[in-house]
Amino acid sequence: MIFDYNVEGEDDRMLLIHFFNSLREGFRQIIYEGRWSDIPVSFFGEGLIYVRRSLEEVEPQFERAIATVGTVAEDRLRDFGLWGNSLRSKLYYVKYWASQALAGVAGAIGKTLGNINILLASFSAATGIGEAIKELKDVVLNNIDVA
């Protein structure tokens, strides 16, 4: 399952790394495989080619985000709610709503992506990295049709 991390059992930096890796894998599934875990997903219109190209352009930001997690000061992460229980609450709800989406709960994919947005906005504000990832998430959210 995407977002399969243990909110309680890991170091805060590792949790952020797992989040970015899971998010990248989720985008790849949706954009290249037409699914999100077991849920079929399609894009409206013929813009999928541009979304795929966008993911290719955004891929380096995932690598920069992961590299930055290891170097940004703990105080900076704390200041933007990316440490301790503030981080864990954000990650918990990403994971919770993702599991609800897989169970077929109406509106859960939107809530999952909304909670991802909260995390990405905090990370972008703290580090200056991730805005393009957030924009790609918005394009995906606004242009997918979930079966």
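**Burial, fold and cavity**

Author: Of the chain's 147 residues, 46% count as buried. The model is a predicted one.

Reader: Which pattern of helices and strands does the chain follow along the sequence?

Author: The chain holds six helices and three strands. Read along the sequence, the order is α-β-β-α-α-α-α-α-β.

Reader: What is the radius of gyration, and what does the globule rule give for 147 residues?

Author: The C-alpha atoms fill a box of roughly 45 × 30 × 20 Å along the principal axes. The globule rule gives 15 Å for 147 residues, and the chain is close to that, so it is as compact as a globular protein of that length. The radius of gyration of the chain is 15 Å.

Reader: Among contacts between residues at least 6 apart in sequence, what percentage join residues at least 24 apart?

Author: Contact here means heavy atoms within 4.5 Å. Among the contacts between residues at least 6 apart, the share that joins residues at least 24 apart is 72%.

Reader: How much space lies in the largest cavity?

Author: The count of cavities of 30 Å³ or more comes to one. The space in the largest cavity is about 100 Å³.

Reader: Which elements give two or more residues to the lining of the largest cavity?

Author: The lining includes F3, W36, V140 and I144. Also among the lining residues are L23, G26, F27 and I30, as well as I109, T112, L113 and I116. The elements that give two or more residues to this lining are α1 (12-33) and α5 (108-127).

Reader: How many residues of that lining are nonpolar, polar and charged?

Author: Gly counts as polar by the grouping used. The lining of the largest cavity divides into no charged, two polar and ten nonpolar residues.

Reader: Is R24 buried or exposed?

Author: R24 sits in helix α1. Leaving aside neighbours within four places in sequence, R24 is in contact with E59, F62, E63 and I66. The relative accessible area of R24 is 8%, and buried means under 20%. Therefore R24 is buried.

Reader: How far apart in space are R24 and D79, C-alpha to C-alpha?

Author: In sequence, R24 and D79 are 55 residues apart. In space, C-alpha to C-alpha, their separation is 25 Å.

Reader: Which residues does Q61 touch, not counting those up to four places away in sequence?

Author: Q61 belongs to helix α2 (residues 48-69). Q61 counts as buried, at 16% relative accessibility. Beyond four places in sequence, Q61 touches I129, G130, E131, A132 and I133.

Reader: Where is W83 placed?

Author: W83 is buried, with a relative accessible area of 14%. Not counting residues up to four places away in sequence, W83 touches D12, R13, E74, L77 and R78. W83 is placed in the loop between α3 (74-79) and α4 (84-102).

Reader: Why does L48 count as partly exposed?

Author: L48 is found in helix α2. Not counting residues up to four places away in sequence, L48 touches I31 and F43. Partly exposed lies between the buried limit, under 20%, and the exposed limit, over 50%. L48 is partly exposed because its relative accessible area is 24%.

Notes. Residues are numbered from 1 along each chain as its sequence is written. This is a predicted model: local features need pLDDT of at least 70, side-chain atom pairs count only at pLDDT 80 or more; totals for chains, interfaces and linings use all residues. Side-chain values use heavy atoms; hydrogens and water are left out. On a 1 Å grid over the protein atoms alone, a cavity is a set of points where a 1.4 Å probe fits but cannot get out, and a pocket is an open set with protein on both sides within 12 Å along at least five of seven lines; lining residues have an atom within 4 Å of a point. Grid points are joined across faces, edges and corners, and a volume is the space filled by probe spheres set on the points. Helices (H or I, at least four residues) and strands (E, at least two) are DSSP runs, numbered from the N terminus. The radius of gyration is taken over C-alpha atoms; the globule rule is 2.2 Å times the number of residues to the power 0.38. Buried means under 20% relative accessible area, exposed over 50%, partly exposed in between (1.4 Å probe, protein chains only).
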